[in-house]
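Try each task yourself before reading its solution.

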Amino acid sequence: MEDLLKPDYGVLVLTVCNFLLLVYLLKKFAWNLIIGGLEKREQQIADDKKQAQDARAAAETLKQELDAKLAQISEEASKRMAEAVKIGEKQKEQILSAAKEQSDRLLAQAKAQIEAEKNKALADVRGEIARTAVLAASKVVQQQMSEASAKSVVDRVLEEIKAK
Amino acid sequence: MDVAEIIAHHILDHDWGVTLDGLRLPITTHSVTLMAISVVLLLGLSWIARLGPSRAGRLLTTLMEEYVSFIRDGIVLPNMGKEGKSFLPYFCTLFLFVLCSALAGLIPNMKTATANISVTAALALCSGGLILYCGLKFHGPIGFLKGFIPSGTPGWLVPLIFPLEVVSMIIKVCVLAIRLFANMLSGHMVLICLLLIIFVVGQMHIAAGAGALLPAMGLELFMTCLELLVAFLQAYVFTLLTSIFAGSVIHTH
């Protein structure tokens with residue numbers, strides 16, 4: 001059993017050579033390819049990650065810009081709305097005022113027209129009354145007066161009516 | 001043949017007696033096992049590294065990339081920093097070599113080469129060489145030697161501290177060899193002893209031997225599972241400690 005701790009220098013040297021040769025050959029034929037592939041994949045992942053982060057940052061910036069624009073548009077819209085309301089109020093007052101003015105004018109015109117119609121109707125009534133009176137008078141007088149006297153009476157009456 | 005002889009026969013290395021012009025060549029069971037492992041690793045990994053983008057190829061390549069990531073991010077970079085990146089192939093090979101050497105013992109008719117002090121000493125020697133190379137590469141001969149003196153050490157203590165630190169580093173490397181050797185040896189000794197229980201008890205009485213069969217086999221199975229764990233653990237510990245020692249000479253206090 002004491003042989004367990006007795007080193008075999010031949011095996012020791014052979015193992016060192018074997019191991020170092022294996023390190024060299026594996027580095028040349030396997031590890032460089034595997035590590036290269038791994039680093040390439042990691043680089044690709046890092047690039048993709050960076051690209052995604054850049055895209056996210058760009059999207060964030062765009063979102064902020066859009067938010068700012070939206071806020072600006074909203075403010076502008078509120079402002080314009082207030083202006084529109086103000087203009088609407090003003091126009092409403094103008095329209096009301098114009099309508100009132102027009103209605104007053106139409107009322108005055110209507111009143112004047114009514115007055116004119118009334119005067120005309122009164123004149124017509126007067127004429128009719130006169131004709132009727134003359135007709136009535138002529139019928140009364142027809143039996144008592146001559147035509148000449150009757151005509152003078154009628155003329156006189158007409159003159160009086162005109163004078164009135 | 002007594003029990004000690006049986007155990008020794010199963011654990012000790014066997015010289016195949018190959019000579020060249022009267023010079024004895026170190027062709028032993030353990031050295032042949034190691035060479036076989038090297039050939040299998042070389043062919044296997046070279047094949048995996050050149051696999052195309054087929055499904056199996058992607059699976060094996062991804063598996064190897066994960067392994068390299070584990071060695072790089074779990075062992076090399078935390079202990080050696082970015083300077084250790086150029087030594088990544090060494091550590092990737094070391095871990096697999098130690099692991100396969102330990103696992104080979106679980107295959108029938110093969111032996112655990114790392115249960116041989118010459119093999120573990122050789123691996124520790126390589127690690128010691130790597131530590132020395134790192135020290136000389138990153139600090140130069142003077143800087144490397146200065147690294148053995150902790151900062152703030154009074155001048156009169158330097159002659160005492162310096163040899164102590166040098167010896168400490170040598171001991172650390174030696175302990176690497178002894179730890180791996182002892183762990184692998186003890187595990188295999190326990191496995192053989194458990195099997196021998198059946199025969200020893202059977203020699204006393206055949207019925208007792210038959211009765212000892214099931215418990216002994218159960219324990220054997222348990223120990224084999226434990227050996228699997230120990231194989232991975234020791235490969236990890238050996239690789240980790242080598243990177244820590246190399247890192248300590250790269251980043252001196």
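**Exercise 1: Neighbours in chain B**

Leaving aside residues up to four places away in sequence, B:Val98 is in contact with B:Thr114, B:Leu123, B:Leu180, B:Gln234, B:Ala235 and B:Phe238. Keep in mind that this is a predicted model.

Task: Find which residues have the most contacts inside the largest nonpolar core, and which helix gives the most to this core.

Solution: 
- Step 1. The largest nonpolar core holds 63 residues, and B:Phe91, B:Phe95 and B:Val98 have the most contacts inside it.
- Step 2. Several helices supply at least two residues each: α1 of chain A, and α2 (29–49), α3 (55–80), α4 (88–104), α5, α6 (158–204) and α7 (206–250) of chain B.
- Step 3. The top contributor is α4(B), with 13 residues.
- Step 4. Look at the cover of that helix: of the 17 residues in α4(B), 16 are buried.

**Exercise 2: Straight or bent?**

Solution: 
- Step 1. Now look for a bend: α5(B) has a kink of about 110° at B:His139, shortly before the proline B:Pro141.

**Exercise 3: The form of chain A**

Task: Decide whether chain A is spread out or a compact globule.

Solution: 
- Step 1. Chain A has two helices and zero strands.
- Step 2. For 164 residues the globule rule gives 15 Å, and the radius of gyration of chain A is 62 Å, well over that value, so chain A is more spread out than a compact globule.
- Step 3. Along the principal axes, its C-alpha atoms fill a box of roughly 190 × 30 × 25 Å.
- Step 4. Of the 164 residues in chain A, 9% are buried.
- Step 5. For one example, take A:Lys49 in helix α1 (residues 9–141) of chain A. A:Lys49 has 10 other C-beta atoms within 10 Å, and 12 or fewer counts as exposed, so A:Lys49 is exposed.
- Step 6. A:Lys49 and A:Glu159 lie 110 residues apart in sequence and 119 Å apart in space, C-alpha to C-alpha.

**Exercise 4: Where the chains meet**

Task: How many residues does each chain bring to the contact?

Solution: 
- Step 1. Chain A brings 28 residues and chain B brings 39 residues.
- Step 2. Sorted by class, the side of chain A that touches chain B has 21 nonpolar, four polar and three charged residues.

How values were computed. Residues are numbered from 1 along each chain as its sequence is written. Chains are lettered from A and ligands numbered from 1 in the order in which they are written. This is a predicted model: local features need pLDDT of at least 70, side-chain atom pairs count only at pLDDT 80 or more; totals for chains, interfaces and linings use all residues. Helices (H or I, at least four residues) and strands (E, at least two) are DSSP runs, numbered from the N terminus. The radius of gyration is taken over C-alpha atoms; the globule rule is 2.2 Å times the number of residues to the power 0.38. A residue is buried if 20 or more other C-beta atoms lie within 10 Å of its own, exposed if 12 or fewer, and partly exposed in between; C-beta atoms are placed from the backbone. Two residues are in contact if their C-beta atoms, placed from the backbone, lie within 7 Å. Ala, Val, Leu, Ile, Met, Phe, Trp, Tyr, Cys and Pro count as nonpolar, Asp, Glu, Lys and Arg as charged, and the others, Gly among them, as polar. The bend at a residue is the angle between axes fitted to the seven residues ending there and the seven starting there. A nonpolar core is a set of buried Ala, Val, Leu, Ile, Met, Phe, Trp, Tyr and Cys residues joined through C-beta atoms within 7 Å.
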